[in-house]
Amino acid sequence: MNTIASSSLASVWDEVSGTQPDPDLWVVIATLVAALAVVVPQALWRVSRNAITIAHEGGHGLVALLTGRTLTGIRLHSDTSGLTVSRGKPYGLGMILTAAAGYTAPPLLGLGGAALLTTGRITLLLCAATALLVAMLVMIRNAYGALTVVLTGATFVLVSWLTGPQVQAAFAYAVVWFLLLGGVRPAFELQAKRSRGGAGDSDADQLSRLTHVPAGLWFFLFHAVSLCSLLGGGRWLLEL
């Protein structure tokens with residue numbers, strides 16, 4: 001019985017971690033255009049930014065756990081803002097890394113996704129994304145946040161189960177392009193909002209208080225991570 005179970009698990013893992021054929025270049029470019037179409041226009045960005053918020057708050061939550069903090073809940077709001085609450089020392093490396101993880105999470109997830117796609121591991125990317133969304137759902141503490149995560153996770157599940165390899169590949173590339181491109185815009189938006197006197201308790205401001213490093217330097221870090229991820233991930237996806 002144990003042998004059969006082990007064999008089944010090994011078979012599932014081989015299927016998940018195996019490689020799939022790369023899509024044609026026109027598909028990669030088409031998914032890039034599609035991602036730009038939902039990131040650049042303000043009207044569509046108001047909706048699509050919810051997915052970036054999921055990655056942003058998920059980054060806070062994941063790093064909080066990895067640094068030994070106690071994650072108590074995550075809230076996602078209809079204005080595309082979010083809040084991640086964790087318990088632990090209100091200072092120190094763990095708190096600094098947790099605060100820094102938000103704006104850097106979407107582009108770094110995109111970069112990691114691009115690395116998986118360059119090796120043909122489309123199924124692994126879809127399964128990993130679904131698993132992260134399920135884990136995040138457990139920590140969601142408001143109805144809008146739960147709905148957003150459920151709908152996003154359901155999309156990944158439906159594409160993984162009901163579509164063929166070509167559609168899965170196109171979807172995976174579109175998601176990664178979206179994370180890479182969508183990961184650039186929020187830090188610029190936050191910086192513009194702060195210049196108008198808003199967002200006084202932003203991640204950059206919290207990091208400034210924790211480290212005594214000016215908020216402007218933290219914005220530089222956010223921009224550097226997002227732009228370098230876009231350049232590196234885009235190069236991998238286009239195989240330049």
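How many residues does helix α2 have, and how far does α2 reach from its first C-alpha to its last? The views below, taken from a predicted model, begin with that helix.

**View 1. Helix α2 from end to end.** Helix α2 covers residues 25-39, which makes 15 residues. From its first C-alpha to its last, α2 reaches 21 Å, close to the 21 Å expected at 1.5 Å a residue.

**View 2. The buried residues of helix α2.** Look for V27, V28, T31, L32, A35 and V39, which are buried in α2. They lie on the same side of α2, because they cover an arc of only 140° around the axis. And what covers these buried residues? The cover includes α3 (42-66), α7 (165-182), α8 (185-195) and α10 (215-238).

**View 3. Helix α5 and its buried residues.** Several residues of α5 are buried, among them I122, L126, L133 and M139.

View 4. Is D205 buried or exposed? With a relative accessible area of 11%, D205 counts as buried, because buried means under 20%. Leaving aside neighbours within four places in sequence, D205 is in contact with R194, A199, G200 and A215. With R194, the meeting is between side chains: D205 and R194 make a polar contact at 2.8 Å.

**View 5. D205 and G73.** These two residues are 132 residues apart in sequence. In space, D205 and G73 are 22 Å apart, C-alpha to C-alpha.

Conventions. Residues numbered from 1 in each chain as written. Predicted model: local features only at pLDDT ≥ 70, side-chain atom pairs only at ≥ 80, totals over all residues. Heavy atoms only, no water. Helix = DSSP H or I, 4+ residues; strand = E, 2+ residues; numbered from the N terminus. Expected span 1.5 Å × (residues − 1). Buried < 20%, exposed > 50% of the residue type's maximum accessible area, 1.4 Å probe, protein only. Arc of directions from axis to C-beta. Contact = heavy atoms within 4.5 Å. Polar contact = N/O pair within 3.5 Å; in protein donor to acceptor, adjacent residues only side chain to side chain.
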